[in-house]
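Subject: Structure for you to look at

Hello,

Here is the structure I promised to hand over. Please open it first, then read my notes below alongside it.

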Amino acid sequence: MKRSFPIFAVLTALLLGYAFYEAMFVAPTDQMQGDVYRIIYYHVPSAWTMFIFFLTNFVASVVYLVRRNPKADAVAAAAAEIGVVFCTVVLVTGPIWARPVWGIWWTWDTRLTSTLVLWLIYVSYLMLRRFSSGGQAPVLAAALAVFGALDMPLVYFSIWFFRTQHPQPVVGDGGSIDPRMWHVWLLNWAAFLCFGLLVFWKRYQLEILQQEVNETQALQTLHDPRSSQ
Amino acid sequence: MSRPSGILRATLAKDLRLEWRSKDAINSMLFFALLVVVIFSFSFDPLAEESRRIAGGLIWVAFLFAAVTALNQTWARELRNQVLDAYRISPAPANSLFLAKAFGNFIFVIVLEALMTPLFIIFYNLRAVGPAWELIPVAVLGTWALVVNGTFFAAVSVRTRSREIMLPLLLFPFSIPALVAMVNATTNLLTGEDSTKYWIVLLATYDLVFTIACLVLFETVLQAE
């Protein structure tokens, strides 16, 4: 078990390197957009990875509310943080790509705006975790995660209806995608997912250790109340 | 052992009486909303036609900000003398307490809106082109949307450090769909350009979903140790 982490880390590094090589040099250049389209290999895999981690956070939060298992809370905390990181990558790479292709940095269309709101919701989730103390944090955060999951469809529909009269940016869909692009796309997704899991693994272990520290400290205070003063 | 509705009524009556005597929430909300109106008018300097377009947004942003000042006091008031701990160990159903607090806040914010709306109309020279009576369902559903989540998140934020700041940080991101619906419904009514039906349905869905969610999760949050 102890050795599997470095092995996984090395494999992830190799996979990331190979995926980078494929995305930059092997994948064919887009007919319409030229080389700038290659950011798609970072933008879209990050978005998919983000969804997986936010989904993990939601499932773990529900499990925590039902079972009160501290491990589920550790999973939720780690998944939310990594989800926010990938969401940030999506929100940063999006405008970098949009500027040369659409001619603007940002547009308030449905997908962009709901991703931004999703980011806001999860940042508020992390703030709540940070500002609530000890034993309450897991319950409050889990409740907030459930609220977030309920809120997202409403966010999507409200913005969708708000923006239907505006022109939708066309993001390569509809047109045919070279099968080689698909291959590179999935490869990059696998690489980023592995990287996410790698970080998640450590973050989860850290959270479990933190829980143990808190527990030990609480027990010590119970045995010897003066030691905490 | 009294019935849940009895507990609800008693708590609501207590909060209303407290408010009637102190007028803390309503005074701070009114003055705050007034300041927002004045500051907005300096920042935008709107003409009549333009103001009809932006007034929906201004009104609701002012009410949202003002409501936070009242919502913050909802549970903070109960921290003094350990009243909240007493609630926690009492056999009274948690949801009666939650509904009483939510109804109380709803009444405060509705009173605020009733007092502030005429002022808005005067300051911004508003005249609705669409059917003005539809503002009533929009206001009722919209206020409940802010207040039901606001009361819940106030119960969450009262358990954290720096609780006064925490409430808007939690409430604003989650209120975005409701705010979009309220603002667009109001703007459509003022300009008479589009129907409000879709937005009212969206608000009603938001209210239903989050009222149920609050009732399901409130006891968990109240008892969180």
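**What was found**

Along its sequence, chain A reads α-α-α-α-α-α. That comes to six helices and zero strands. Helices (H or I, at least four residues) and strands (E, at least two) are DSSP runs, numbered from the N terminus.

This is a predicted model, in which local features need pLDDT of at least 70, side-chain atom pairs count only at pLDDT 80 or more, and totals for chains, interfaces and linings use all residues. Residues are numbered from 1 along each chain as its sequence is written, while chains are lettered from A and ligands numbered from 1 in the order in which they are written.

**Confidence**

Chain B has a mean pLDDT of 88, and 98% of its residues reach 70 or more. pLDDT is the predictor's confidence in each residue, from 0 to 100. For the complex, the predictor gives an ipTM of 0.87 and a pTM of 0.88.

**Chain A overall**

The C-alpha atoms of chain A fill a box of roughly 70 × 45 × 30 Å, taken along the principal axes. Chain A has 229 residues, and 31% of them are buried. A residue is buried if 20 or more other C-beta atoms lie within 10 Å of its own, exposed if 12 or fewer, and partly exposed in between; the C-beta atoms are placed from the backbone. Now take the contacts in chain A with a separation of 6 or more: 77% of them join residues 24 or more positions apart. Two residues are in contact if their C-beta atoms, placed from the backbone, lie within 7 Å.

**Where the chains meet**

Ala, Val, Leu, Ile, Met, Phe, Trp, Tyr, Cys and Pro count as nonpolar, Asp, Glu, Lys and Arg as charged, and the others, Gly among them, as polar.

**H7 and H8 of chain B**

Look at these two helices together. H7(B) covers residues 163-191 and H8(B) covers residues 197-222. Their axes come within 9 Å and cross at roughly 150°. Axes are lines fitted to C-alpha atoms, for helices over the stretch in contact, and angles run from 0 to 180 degrees between N-to-C directions. H7(B) and H8(B) are therefore roughly antiparallel (over 145 degrees). Residues on the H7(B) side of the contact include Pro177(B), Ala181(B) and Ala185(B). On the H8(B) side, Trp199(B), Leu203(B) and Tyr206(B) are among them. The contact has 10 nonpolar, one polar and no charged residues.

**Leu190(B)**

Leu190(B) sits in helix H7 of chain B. Is Leu190(B) buried or exposed? Leu190(B) is buried, because 23 other C-beta atoms lie within 10 Å. Leaving aside neighbours within four places in sequence, its contacts include Arg52(B), Leu126(B) and Val129(B). Pro131(B) is 59 residues from Leu190(B) along the chain, yet their C-alpha atoms are separated by 8.3 Å.

**Two loop residues**

Asn81(B) lies in the loop between helix H3 (48-79) and helix H4 (83-89) of chain B. Its phi is near 60°, a positive value in a residue other than glycine. Asn81(B) is exposed, with 9 other C-beta atoms within 10 Å. Gln82(B) is found in the loop between H3 and H4 too. Gln82(B) is not a glycine either, and has a positive phi of about 55°. Gln82(B) counts as exposed, with 10 C-beta neighbours inside 10 Å.

Best wishes

Terms used:
Angles under 35 degrees count as roughly parallel, over 145 as roughly antiparallel, 65 to 115 as roughly perpendicular and the rest as oblique.
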